[in-house]
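Please read the points below beside the model.

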Amino acid sequence: MDHTPTPRPLSTLSASGGDRFSQAPTVVLDVPSDVAARAATPAGAAPPSAPSSDDLRPPTAFANRGSTAFGEGSPSNLSVADSSQPLANTLPYRNSVAPTAVGSAQNLGDSDKEVAASDAPRGTSPFPDLGPQADDNQKNKRKRLFLILGGVAALAVVAAAVAVPVALTQSKKHSSGSSSSSSSSGPDDTGSGQNGGSNSDEWTLSLAMAADTANGGLDQLEKHYDTFITEEDFAQIAAAGLNWIRLPIPYWAIEKYPDEPFLEKASWKYVLKAFKWARKYGLRVNLDLHTIPGSQNGYNHSGKGGANGQINFLYGPMGLANAQRAIDYIRIITEFISQPEWAPVVPMFGIINEAVAGTIGVDQMTSFYLEVHDMMREITGRGQGKGPFISIHDSFRGLAAWKDLLPGHDRIALDVHPYLIFVNVDRTPLASQINKPCRSWATDMNNSWTDFGVSIAGEFSLAVNDCGQWINGIGAGTRWEGTFGSQGDGVKGDCTPWNEWQSWTQDTKDNFKAFALRNFDALGHWFFWTWKIGASSVTGKVETPMWSYQLGLQEGWIPDDPSQATGICGNTSPAQPLSPEMVGAAGTGQISDTIKAQFPWPPTTINPGLRPNNVRAYTATGAIPTLPVPTPVVGNVDGWYDAADNRPMYTPIAGCTYPDAWGSADAANPGPCGGATTDNTDNTDNTDDETTRRVRRVRNVIPKPRRTPAP
C-alpha cells in the first residue's frame, strides 16, 4: 500500500519567507525590556559580550530574548533578526537582502543532527527574537557545521525521505504589484484543497490505526510525529533564508470528547519541540488551529470530511455547542503562548483555518471573530507587544471583502490561500503561466496591506495542475487526467510528466523557479505548503514534487535565495506603510458598541435559520485543562498567562442527549436541553441554490482574481 501523504495533511510544517512586519513604523515588543532583562540575566551574571565573526553567542542587544526558565538562550548571530538594518523609505518592506520564512509543523521529533543557519545579512524585525540553546557543546557543534555550510543555503543539505509536508513564506524588500487593467491570458483561478477519497481524513485514519493493534494501534501515529520533522528541518529552513514556521495543530492536542477517535494530547509535546527549535534557529511561529470541533469546512484536513463532508461549526443543531468548544480551545492556546517564555516565539495565532463563510454566514463568522478578539485581548491586554496577532482566513471571499472588518480591532491579520488548481484546468505550457501570480495576486495583496493591514498568504504551492499523489484526496483522481468525477475540462491528460521530477529538463526547472519567484514577490508574505513531503513507500520517491519546498531546493527549481524575487512583478502598485493602528498603537482594540450590537454573541441566527436559544448548547461548568509545559530549570511556569481568567470550561449538560457533533448539519433540530421552544423554521436551508449546494459539498473556491497584464 502506498503511504505517500497528501500535500494537504492535518500535520505539516510550513516555512515562510519575507517579513513585511520588520518595517512597520512601530516596534512590537515581546515583554517590557526591563522585565525581560531581569528574567534572562541571573543575579550577578555579566551580560553577554558582542559576537565576533566566528562566534555564535547572541549579541548583547538580544540578550533579553531567551528563556531562562527553560535554559534557552537568545538567538545566535546567524538569526534572521540579529543584524541591524536601517528602516527603508519604502515601508513596510524589509531593507535587507534577506527574506523571512513562515511554515507549519506539528509532527516533530528529536534529532542529533544540527545544521547552522546561513550567515547572509538579515534585517531587523519588530517581532521578538528567539534564540538557540545556551549549551556550549551545542554551540561548538553548530560552529563546526557552520564552517561547512555557512552561506551555502539549503541546497547543500541532504534531507532524509520522510512523510509529512511543511509550508513556507517569503517577505520582500520593496513593494510589488501590477495595474488593475484586465488581461486575456489563460484562466487564473484559485481555490483550496478538495476532498475526494472517503478515507482521507484523520478521523478515518485514527479508526483504522486503533483497529491495527498488532502494529501498535493508534500509537503508530506518534512514531510519525517523532521522526518526520526533526531539528534538522528547522536548521535547514533557517539556512534557506526563511524565518517563520506556520505550525498547524489540532484541537485534540488539548483534549477530545469520548466519541472522537483522535490521538489525544500526544501532539502537544512535539509542538513544544517546535517552539524550542524555532527559538534556537531564529524562527518565529505562526501557530494555526487547523481543526475545529464539528468541522468548519467539511474538508478532510479539518479532522473529518471528504466528498460528503459536513460543516457543524456555527451551522446546524450542534453549531453553537461546537463553537463554544472552539472558543475554549482558542482561549487555552492563547493563555499558553502569551506567557513571556513563548510570546517571543509565537507572534501570530491563526484561530480557525478555512472556515466556509458561504455556508456558515458572514455575519455569523464576524460575530465569532468579535467574540474571540475580545476574549483574547482580555487575556493578553491591548496594544503592541501584548499577545499575538490574530490571524483569520478570508473564507474564500477574497481579501477585499474583509477590509472593513471590526473597525478599531487590535492586530487582526488577514490570511488568504491562493491556489491555482482546484477549479479550471489550464493546459497551456508552463512557460506561459509564469506571470500568473503577478497578474492575479500582487495588486490584491498590496491593496489589502494598505486598506486593512497585515495580510499574508498562509498557503500556496507551485502546482499549476492537480497532478500528484492524492492531491484531491486518497484515491480521488485528478482533473488533469479526467478522473476526478465530473470536474475538469473533459480531456484525458497524463500526469506522468508532471510527477516524474527526475526527468524534468533544465528548462522545466528554470520555468518553475521563475514561477516561484513571481509567487514570492506577488504574495509578499507567504507560507508555502509544504516544506517536506515524504517518499512513497511503493516507489521510493516523492510523488508530489510541485508541493515540496525542500525537494525544490535540492533539485534546483526553488531559488536558494528567495530575496531574488524582490521587484520581479514590477512594483507598479506598492502597498502603503502600515499605520500605527494596524500594529497595536495606543487606544486600539476598543470596538464600538454599535459594532458589538450589530454582531452579538451568540449570533442572532445560526444557519440554516435556527435561533441560538433554541439549539443544543453547552454549559460553562467544566474544569479548565491547561497545556503541559517543560520542566523549568528556573522559576515556575504553569501554562496559564492570565490568573484572572477563571471561567469554567464549556461542557455538555448532565443528562442531556446531544446530536452527532460531526454529522447533524441537516438533522432535525431537537431544541435546547430542558426546553421545548419551537423554531420559526422548518429546519431546512432555504438558500440551498446551486451555489450553496456546491459550498456545502466542499467545492469551494477563492473568487477569481482580477487579471492584470504581465510586467
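The points that follow concern a loop and a cavity.

1. The model is predicted: local features need pLDDT of at least 70, side-chain atom pairs count only at pLDDT 80 or more, and totals for chains, interfaces and linings use all residues. Residues are numbered from 1 along each chain as its sequence is written, and side-chain values use heavy atoms, with hydrogens and water left out.

2. Asparagine 472 sits in the loop that runs between strand S11 (455-457) and helix H12 (496-499); helices (H or I, at least four residues) and strands (E, at least two) are DSSP runs numbered from the N terminus. With a relative accessible area of 0%, asparagine 472 is buried (under 20%; exposed is over 50%, partly exposed in between, with a 1.4 Å probe and protein chains only).

3. Glycine 475 is found in the loop between S11 and H12, and is exposed at a relative accessible area of 69%. Its C-alpha lies 8.7 Å from that of serine 200, although 275 residues separate glycine 475 and serine 200 in sequence.

4. The second largest cavity has a lining that includes Asp466, Arg479 and Trp480. A cavity is a set of points on a 1 Å grid over the protein atoms alone where a 1.4 Å probe fits but cannot get out, and lining residues have an atom within 4 Å of a point.

Key
On a 1 Å grid over the protein atoms alone, a cavity is a set of points where a 1.4 Å probe fits but cannot get out, and a pocket is an open set with protein on both sides within 12 Å along at least five of seven lines; lining residues have an atom within 4 Å of a point.
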